[in-house]
Amino acid sequence: AATTIKAEAAIIYDYDSLWALRIQPGFPENEYQKAIGRYYRALFRAGVNVDIVPRGADVSRYKLVLAPALHVLPDADAARLAAYVRAGGVLLADCRTAVKDESNLCHARTLPGLLAPTLGIEIEEYESVPANSSYRVHGTPAFAGEFSAVQYADWVHARTAEVLAGFADWHLRGYAVLTRHASGNGTGWYCGAVIKEDAFYDQVIRQLLRDARIRPLLTPPPGVEVSVRRGARHELVFLINHTEEPQTVHVPAGMTDALRNCAAGERVRLERHGVAVLRRVRGAQKKSVATAMKGKSTKACSTLDV
């Protein structure tokens, strides 16, 4: 009661783009959901709640907006996203962004169209990467790692954007894969390839969260879901183990096990498919509770295997 999920990040999900991409030879059916899923799963692994919103929604309350494969992008929606970034938001766009208008007709302009000033890039050409093939991708000191581009590649010129990763193969050398660009008070990111490795998207999300000043409450081990519900006086942290193996989660100090009414300690052990609900008092209420408990001992859970 009196709590709700208040996500600071959002992913745009657009049915027009879904339907338009289904006829693209390089994007078989359901490729749009896969594009969404690459970022959604990375946010899941980071322990961050995310809302799914339609194209054209008011995103001003979010610190971070991701718009994967936003193939259909009317001018009015592009203008709203550009204004969101100028006002301080962090936006990520990727492959096939802003190709079509609301009538599914190609915009008569160089990609990414009206978002070019926001992203600081220009896309000269694009291609589908043949099945069972890949292109090598080099990270920079600001984005370390070696990765593989599969399925699709944009030929991105970084006009005013910072290049964080680029192609290594000879015919694409000099074209960017991942860019970052300051626009007004915010930041526009662009990813111009489908990357095989999950580690690439995990690193992207870490840096996006840093830019957006979103601090996850905790970092879960693989396969453990974190969902935070907040209210005026307290927040509840749900931990769900989706794996067949026990998992140990390191949690912030001062939390209690809401199901067993005892102190949680610094580690929670979840049995396979186990669930825990932790409570933490917030703000002024936290101070009043601390004052009332001064000099008193708090019962600790004997074990916290749930």
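How many bridges join strand S1 (residues 9-13) to S3? Three, and the two strands run parallel. Keep in mind that you're looking at a predicted model.

**View 1. Strand S3 and its neighbours S1 and S4.** On the other pairing, S3 and strand S4 (residues 90-94) also go parallel, this time over four bridges. Leu-66 is a handy landmark here: Ile-11 stands opposite Leu-66 in S3, and Leu-66 in turn stands opposite Leu-92 in S4. Follow the chain from S3 through helix H3 (residues 75-86) to S4 and you've traced a right-handed β-α-β unit.

**View 2. Tyr-39 meets Tyr-201.** A search of the whole structure turns up 11 aromatic pairs. In this one, the ring centres are 5.3 Å apart and the planes make an angle of 85°, so we call the pair edge-to-face. Tyr-39 belongs to helix H2 (residues 31-46) and Tyr-201 to helix H5 (residues 198-212), so the pair ties together parts 162 residues apart in sequence. Tyr-39 has 0% relative accessibility, so it counts as buried; Tyr-201, at 2%, counts as buried too.

**View 3. The ring cluster around Phe-200 and Tyr-201.** The rings of Phe-200 and Tyr-201 have centres 5.2 Å apart and planes at 85°, so this pair is edge-to-face. Both residues are buried. Ring pairs link Tyr-39, Phe-143, Phe-147, Phe-200 and Tyr-201 into a cluster.

**View 4. A charge over a ring.** Here the charged end of Arg-96 sits over the ring of Tyr-126, 4.4 Å from the ring's centre.

Definitions and conventions. Residues are numbered from 1 along each chain as its sequence is written. This is a predicted model: local features need pLDDT of at least 70, side-chain atom pairs count only at pLDDT 80 or more; totals for chains, interfaces and linings use all residues. Side-chain values use heavy atoms; hydrogens and water are left out. Rings of Phe, Tyr and Trp (its six-membered ring) pair if their centres lie within 6.5 Å; planes under 30 degrees apart count as stacked, over 60 as edge-to-face and the rest as tilted. Buried means under 20% relative accessible area, exposed over 50%, partly exposed in between (1.4 Å probe, protein chains only). A charge sits over a ring if NZ of Lys or CZ of Arg is within 6 Å of the ring centre and within 35 degrees of the ring normal. Two strands pair if DSSP finds at least two bridges between them. A crossover is right-handed if, with the strands pointing away from the viewer, the path from the first strand over the helix to the second runs clockwise.
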